[in-house]
Amino acid sequence: MDVKAIREQFPILDQEVNGHPLVYLDSSATSQKPLAVINAVDDYYRQHNSNVHRGVHTLGSRATDLYEGAREKVRRFINADSTAEVIFNRGTTTGINTVAQSYGRNLTAGDEIVITPMEHHSNIIPWQQAAKATGATLKYIPLQADGTVTLEDVRNTITANTKIVAITHVSNVLGTVNPVKEIAQIAHENGAVILVDGAQGAPHMNVDVKDLDCDFYAFSGHKMCAPTGIGVLYGKKQYLNEMEPVEFGGEMIDFVNLYDSTWKELPWKFEGGTPIIAGAIGLGAAIDFLNEIGMDNILNHEKVLAEYAMEKMRTIDGLTIFGPESRAALVTFNLGDVHPHDTATVLDAEGIAVRAGHHCAQPLMRWLDVTATARASFYLYNTKEDIDHLVDGLLKTKEYFGDVL
Amino acid sequence: MSYNLDTLYRQVIMDHYKSPRNKGTIDGDALTIDMNNPTCGDRIQLQLLVDDDIVKEVKFDGEGCSISMSSASMMTQAIKGKKIEDALEMSKLFSEMMMGEDIDTGDLDLEDIEALQGVSKFPARIKCATLAWKAMEKGVHKE
């Protein structure tokens with residue numbers, strides 16, 4: 001993989017921040033965008049912009065073809081059976097909320113929803129709300145000390161009363177890669193469906209929804225080189241067919257009568273309102289871009305970076321790293337008693353962008369017994385030199401705060 | 001923009017961070033305000049004892065970065081013994097200072113607070129600095 005050539009595809013990376021070359025280590029929050037994606041969106045607005053599915057005129061047909069073409073690219077990217085199973089939406093949060101609000105209506109008192117303490121807020125709160133609305137119980141699979149789950153605990157938590165299991169593919173804080181295929185099997189043995197939060201999964205590895213046998217898989221475009229505002233909910237047709245839409249209005253209807261209406265077929269019944277056309281086209285371009293490099297190559301590159309980062313960061317006295325040894329391409333840490341905000345500010349002064357805060361995972365922060373952490377996350381355009389800069393920046397942070405803490 | 005960390009982390013700020021003034025809780029009845037910054041997890045508990053429109057006693061407790069905790073420490077130091085209306089006026093001046101405006105303190109003594117002026121150059125950190133002041137305003141308005 002030629003990282004230098006890849007970096008040239010990302011114009012934003014070629015800049016100085018606070019007098020230093022930008023070192024962007026916040027791709028878990030959002031990834032940067034390659035020229036192919038920027039140009040696809042630009043081209044759409046310059047040449048084809050029109051509303052979709054109303055194609056009497058030529059631009060309308062072109063926009064529709066591009067939009068639906070992007071859906072087919074997503075279908076192939078995740079190996080879904082049919083484009084009917086690929087719903088475009090605003091992102092992972094919207095996808096999970098759709099399932100919680102729609103499939104969640106089947107829940108009754110005594111039913112269980114099973115999640116883990118490592119979930120992002122967007123895979124906790126929709127289930128809290130579904131539980132409150134239906135009288136179902138929310139249960140957590142406990143975490144091991146290193147921030148992983150064991151299949152034994154999964155088996156002990158999921159019961160015959162469990163109707164929904166919702167778990168993240170990759171933890172945005174710990175970097176834990178969950179055995180979702182095995183968990184899906186356990187969920188199915190107990191008659192439950194499984195939703196996988198793929199926000200940190202789909203951008204970084206091959207995702208085959210048929211191999212995982214997950215019932216729902218939600219992810220966001222902006223973390224995988226696509227624009228913000230576009231996401232995908234994959235769902236098995238058998239479930240999506242039975243589910244009621246959660247947004248009603250234009251685009252999603254079949255017949256509208258004065259007192260009753262019927263819905264379009266899948267996937268459009270879940271896409272009320274004018275869809276995110278340019279975003280979907282940008283996502284299609286991002287998928288082409290990632291496929292050209294190869295998801296396996298990207299994963300291998302990230303593995304090398306993660307191992308290198310762990311090795312180098314461990315040499316810093318007083319640095320605590322959270323999460324398991326084997327991990328996705330992110331390292332969450334704290335530097336002694338220096339507050340992560342202060343760490344992030346000192347790093348920013350060196351041109352290094354990291355995330356500091358609770359990472360939308362307050363329950364996990366409490367489990368880790370910290371109020372906040374700093375996080376460096378890597379993607380296909382990062383290099384070992386980026387990590388060397390990070391380590392230098394952290395040593396400077398120590399020096400800067402050393403006399404007060 | 002020149003990005004000099006020393007304009008942010010002035011020595012007096014670090015001193016307040018390391019040795020916060022008025023940190024702790026007030027025994028007995030006091031006006032208690034809990035406030036957090038939901039985007040980052042910083043939180044503060046501020047307690048005020050107001051009598052005859054004068055801040056007789058003020059204490060804070062909490063967890064946060066050097067800027068939020070030192071700002072809380074400086075705020076308590078500045079408003080203790082002051083009239084409520086002066087405390088609110090200081091809060092207004094502080095907000096203006098965070099917007100990068102030149103402020104006229106008049107008769108009010110902001111003490112160490114002016115050391116935080118550099119925060120205005122770091123937009124991502126302004127909310128850290130204003131947390132304690134917001135808590136104070138909320139408490140006073142509740143009163």
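Of the 120 residues in the largest nonpolar core, which touch the most other members? They are A:Val165, A:Ile194, A:Tyr217, A:Ile281 and A:Ala286. A nonpolar core here is a set of buried Ala, Val, Leu, Ile, Met, Phe, Trp, Tyr and Cys residues joined through C-beta atoms within 7 Å. A residue is buried if 20 or more other C-beta atoms lie within 10 Å of its own, exposed if 12 or fewer, and partly exposed in between, with C-beta atoms placed from the backbone.

Before we go on, a word on what you are looking at. This is a predicted model, in which local features need pLDDT of at least 70 and side-chain atom pairs count only at pLDDT 80 or more, while totals for chains, interfaces and linings use all residues. Residues are numbered from 1 along each chain as its sequence is written, and chains are lettered from A and ligands numbered from 1 in the order in which they are written.

A second, separate core has 36 residues, and B:Ile33, B:Leu48, B:Val119 and B:Cys128 are among them. In soluble globular proteins, nonpolar side chains tend to be buried together.

For a closer look, take A:Ala286. Leaving aside residues up to four places away in sequence, A:Ala286 touches A:Val37, A:Gly221, A:Met224, A:Cys225 and A:Ala226. Two residues count as in contact if their C-beta atoms, placed from the backbone, lie within 7 Å.

A:Cys225 has a positive phi of about 80° although it is not a glycine. You will find A:Cys225 in the loop between strand S9 (216-220) and strand S10 (231-235) of chain A, and it is buried, with 27 other C-beta atoms within 10 Å. Another residue other than glycine with a positive phi is A:Asn79, at a value near 60°. A:Asn79 sits in the loop between helix H3 (58-78) and strand S4 (86-89) of chain A, and with 14 C-beta neighbours inside 10 Å it counts as partly exposed. The backbone also has a cis peptide bond, from A:Leu266 to A:Pro267, with omega near 0°. A:Pro267 is in the loop between strand S12 (261-263) and H10 of chain A. Most residues other than glycine have a negative phi, and most peptide bonds are trans.

Now step back to the domains of chain A. The bounds of domain 1 and domain 2 come from an automatic or database domain assignment. Taken over C-alpha atoms, the centres of the two domains of chain A are 28 Å apart. Their contact takes 23 residues from domain 1 and 27 residues from domain 2. On the domain 1 side, helix H11 (295-313), strand S14 (330-335) and helix H13 (362-368) each supply at least two residues, and H11(A) gives the most, with 5 residues. That side of domain 1 divides into 13 nonpolar, 6 polar and 4 charged residues. In this count Ala, Val, Leu, Ile, Met, Phe, Trp, Tyr, Cys and Pro are nonpolar, Asp, Glu, Lys and Arg are charged, and the others, Gly among them, are polar.

How do the two chains meet? Here 16 residues of chain B are in contact with 15 residues of chain A. Helix H1 (5-8) and helix H2 (11-18) of chain B each supply at least two residues of the chain B side, with the largest share, 3 residues, coming from H2(B). The chain B side divides into 9 nonpolar, 4 polar and 3 charged residues.

Our last stop is helix H4 of chain B, residues 84-98. Its 15 residues reach 21 Å from first C-alpha to last, close to the 21 Å expected at 1.5 Å a residue; the expected span is 1.5 Å times one less than the number of residues. B:Ala87, B:Met90, B:Ser91, B:Phe94, B:Met97 and B:Met98 are buried in H4(B). Seen down the axis, these buried residues fall within an arc of 120°, so they line one face of the helix; the arc is that of the directions from the helix axis to the C-beta atoms. They pack against strand S3 (54-63), helix H3 (66-79) and helix H5 (126-142) of chain B. On the other side of H4(B), B:Glu85 and B:Lys92 are exposed. Just after H4(B), B:Gly100 takes a positive phi of about 85°.

Methods
Helix = DSSP H or I, 4+ residues; strand = E, 2+ residues; numbered from the N terminus.
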